[in-house]
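Dear colleague,

My notes on one helix and on some aromatic side chains follow it.

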Amino acid sequence: VTAAGGAPKVLTADLDLNVLSPQDTADGSAILFTLEDDQAIGLARIPAAGGRVERLVTGRSVIAGFSAAKDRIAVQMGTALLPDEIYAVEKGGATRALSKQNAGWLAEVRFGAVEETKFKSKDGTEIHGFLVKPPDYQAGKTYPTILRLHGGPVGQFECSFDEQWHWFAANGYVVLAPNPRGSSGRGEKFQAAIYADWG
């Protein structure tokens, strides 16, 4: 919608994913936003007049926030094994760390593997999620397992640092954290699959 008002124009009608935190670029020619995409959250841009969505920062990470100036962008970003830090967005979508607030602590602790997992539900629907292992995990050994489900009505477990998962894993548990139907990040049909039919 223009500053003068008028009819709204949907710019992302063909994008079947949730968009968050829209912000005009300094010159007003485009809109920056974060974009949920199957357990990750990236940074994208679209011309204010409409056009193609350009994905600026992608990968198996989560951008929790961003700030844009005339010729630079900074993001708050983390991964499943790295708590959030501040990064500069370089040309081509590469990121360069600007902060290292967690470096000292990370040097003192050990984490187990965090693996993205996929499996079929009883009706064949593919479910995505995470499997978190203890730091000294041994293949073939039996471990107590915690099935960690999230609530709703929508939302998703993401490729971000989850201290609860790591705490359970550090105490000898395997953690399975699925994104069942009703979760976001995989399109409207998947998200609406349990609409008005919880449980």
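On one side of helix H2, Glu163, Trp167 and Ala170 are exposed, where exposed means over 50% relative accessible area, buried under 20% and partly exposed in between, with a 1.4 Å probe and protein chains only. This is a predicted model, in which local features need pLDDT of at least 70 and side-chain atom pairs count only at pLDDT 80 or more, while totals for chains, interfaces and linings use all residues. Residues are numbered from 1 along each chain as its sequence is written, and side-chain values use heavy atoms, with hydrogens and water left out.

H2 spans residues 163-170, and Trp165, His166, Phe168 and Ala169 are buried in it; helices (H or I, at least four residues) and strands (E, at least two) are DSSP runs, numbered from the N terminus. After H2 comes Gly172, with a positive phi near 95°.

As for the aromatic rings, the whole structure holds 8 pairs (rings of Phe, Tyr and Trp, the last by its six-membered ring, with centres within 6.5 Å; stacked if the planes are under 30 degrees apart, edge-to-face if over 60, tilted otherwise). Tyr137 and Tyr143 are stacked, because their ring centres are 5.0 Å apart and their planes at 25°; Tyr137 is partly exposed at 33% relative accessible area, whereas Tyr143 is buried at 14%. Ring pairs also link Trp105, Phe111 and Phe161 into a cluster.
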